[in-house]
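This report covers one chain-to-chain contact and the fold of one chain. Please keep the model open while reading.

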Amino acid sequence: MGADTARRVDGVTEAVAVAGVRATARILARDDGRGGTSLPVLEGDGPLALRRTRGSGDEARVMLVGAMSGPLGGDHFTVQAAVEAGARLRVGSAAATIALPGQAKGESRYDVRLTVADGGELHWLPEQLISARGSDLYATTRVDLGATSRLVLREEQVLGRAGEDPGRLTSRLVLRVGGRTVLDQELACGPGAPGGWDGPAVLAGHRAVGQLVVVRPEFAAEPVAARVLGEGAAVVPLAGPAALVTAVAADGLRLRRVLDEALGRLR
Amino acid sequence: MSRAALLVLADGRFPAGGHAHSGGAEAAVKAGRVTGAASLEDFCRGRLHTAGRVAAALAAAAVLGVDPVELDAAADARTPSPALRTAARKLGRQLTRAARATWPSDELDALAREFPKGAHQPVVLGLTARAAGLGAVDAAYCAAYESVSGPASATVRLLSLDPFEATGVLARLAPELDRVADRAVEDARCVVDEGADALPAASAPLLEIGAEVHAGWGVRLFAS
Amino acid sequence: MHLDHSHDGPAAVSADARRADGSRRALRIGLGGPVGSGKTATVAALCRALREELSLAVVTNDIYTREDAEFLLREAVLPPERITAVETGACPHTAIRDDISANLEAVEDLEDEVGPLDLILVESGGDNLTATFSKGLVDAQIFVIDVAGGDDIPRKGGPGVTTADLLVVNKTDLAPYVGSDLGRMAADAKAQRAELPVVFQSLRSEPGVSDVAAWVRTRLAAWTA
């Protein structure tokens, strides 16, 4: 899998087959009626494997254990999680996801689709996404929440492994609450990205960038106060019942420290 | 349509409040990220392809008749920093005033009624271009150009940068401005068919963070 | 403008005498002049002199944001909600003359939020002798110079000295110490301004700001007539 069968025809490279891997993982979390959360759907194929781990209280916990060595060029991964009314789900991953160049030409995709019904709660806290040199990934996260859903979501992008130039990475994050788009952000970086991505307006040489989104119905009446966390991070109230922490840092470790501190303040 | 109307609208002296805003340059200068013409150019290029591209598409979509209320909500979703949302609405309100005096139109009056405290400036810019008889590409050019001309003239004041160097920066960005404006019109056409979700959402983390840092200063030269 | 007198229309565009609801707006008086000539001190003194008899508010235009506004707040000449600072992007003369949109927004917001108002004082940031207010922003302007800035300023003229509705020569108490000839200043001002009035004042002694306050009352009577 993942092999590309490009061949040269009269000096022209032609992709005969777009031969990336397609893999999908699905999670469905449901209020079990006994004060807990059941997982009637928990399935992952190919490189995307899911494990239920020990939860706490009424919360179910799931670990993504697969995708650390992908996606490669041409691969298309999809992860879907749906949290039904009253259910609580926490999802993490066992290791960072590394976007790598594949033999197949062209971009790979990683799509995350999350829905949380009214009264449901989701904590989506995967490890970093690392854009390795030569990779080309378009990652999207789309989250649909009910008006009374709760969410904590963290995304971290690390540009290159230690000392390595990054690949091309475009990541889009769309958050809807009660049918209204509250946040729509895309960040493009690496070779081939529009100019200035590493300049003083966008990343200025920082190699890690992250977002932390916290949605709570209470924020509608009482939004968080905007606040700067050092030169490289700020917590802001969005135009909806949500708070966003945006942070840039020299590396993934420092980024995590800032986001953890911000999450602590939002508790 | 009068081509010259574009010059009136794009003139840096058009009285719509822009002179008091640095487009993030004041924060970047203070943080030591913009120190001269080269880093200004890099700053402007990054702003053009992020905030500038989104503003250009919003403005173009407004010219094409997309509901300004829908576009304004989309602009909110693409502007996480409350300091930047406030600045965009302030500038939008000021542009509404200047536009209604310059090119009186029912649409601009309706916009002023709908948003008494101001809609996002690029949305107002699009409706202004419409009132002036200009097209989507004209509005896109204005928005894209403003996204770089504001920081460039602010940096002349902040760093006492040679004004010829700052103008040279803008001239070197011209081919990219052309591409951003053209692409913004394509995006805007998609918005007509598919709705505001088709708008670009290119973001610049340090513009957002820098705007919040700047808003917290007790002493500053520019409003944003 | 075609919507000036409409009762449900959006806010008026510029210096129209009536607000969107048809009521007469406040008289707007601008105070300009060189740095350090005593504009803010004059504004503070005017507020103290007039606040019992008039509903008034102040807009400041600082070079660095909020300094003058904060002086007025510290002096407690008016409740804080009646003082607004406009940010001018290092160009205070632009904000009062070439691009008045932020100032118009500030005066309208003050009328909406703390109105009805009789009078709004718009203070420019300290600038040079060429800075004057747009007629789209204010109904009358006061230009404040001081004796310590040199007694040749009235002779040099410039738009502020020549055309302001009232010229105030401030800090007359300092004249003996800085060697300024008040007689010569008065004669030069008369030559530059013909019939336009000039007030010499010292805020450190009686009668302080009362001549300027009397002039403001006259303007206000004409405005509401």
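## Contact between chains B and C

Two residues are in contact if their C-beta atoms, placed from the backbone, lie within 7 Å. By that test, 24 residues of chain B are in contact with 24 residues of chain C. Helix 5 (82-102) and helix 6 (106-114) of chain B each supply at least two residues of the side of chain B that touches chain C. Helices here are DSSP runs (H or I, at least four residues), and strands are DSSP runs too (E, at least two); both are numbered from the N terminus. Helix 5 of chain B gives the largest share of that side, six residues.

The side of chain B that touches chain C holds twelve nonpolar, four polar and eight charged residues. Ala, Val, Leu, Ile, Met, Phe, Trp, Tyr, Cys and Pro count as nonpolar; Asp, Glu, Lys and Arg count as charged; the others, Gly among them, count as polar.

## Basis of the model

This is a predicted model: local features need pLDDT of at least 70, side-chain atom pairs count only at pLDDT 80 or more, and totals for chains, interfaces and linings use all residues. Residues are numbered from 1 along each chain as its sequence is written, while chains are lettered from A and ligands numbered from 1 in the order in which they are written.

## Overall form of chain C

Chain C has nine helices and seven strands. Its radius of gyration is 17 Å, close to the 17 Å that the globule rule gives for 225 residues, so chain C is as compact as a globular protein of that length. The radius is taken over C-alpha atoms, and the rule is 2.2 Å times the number of residues to the power 0.38.

Buried residues make up 48% of the 225 residues in chain C. Buried means that 20 or more other C-beta atoms, placed from the backbone, lie within 10 Å of the residue's own. Among contacts in chain C between residues at least 6 apart in sequence, 72% join residues at least 24 apart.

## The sheet and its helices

Chain C has an open sheet of seven strands, in the order 3-2-4-1-5-6-7, with parallel pairing. Strands pair if DSSP finds at least two bridges between them. Strand 3 (83-87) and strand 7 (198-200) of chain C are the edges, each pairing on one side only. Strand 6 (residues 166-170) of chain C runs parallel to strand 7 of chain C, joined by three bridges. C:Leu167 stands opposite C:Val198 in strand 7 of chain C.

Helix 2 (residues 67-75) of chain C packs on the sheet, touching strand 2 (56-62), strand 3 and strand 4 (119-123) of chain C. Its direction makes about 145° with that of strand 2 of chain C. Axes are lines fitted to C-alpha atoms, for helices over the stretch in contact, and angles run from 0 to 180 degrees between N-to-C directions. Helix 8 (residues 182-193) of chain C lies across strand 6 and strand 7 of chain C, at about 165° to strand 7 of chain C.

Methods
A residue is buried if 20 or more other C-beta atoms lie within 10 Å of its own, exposed if 12 or fewer, and partly exposed in between; C-beta atoms are placed from the backbone.
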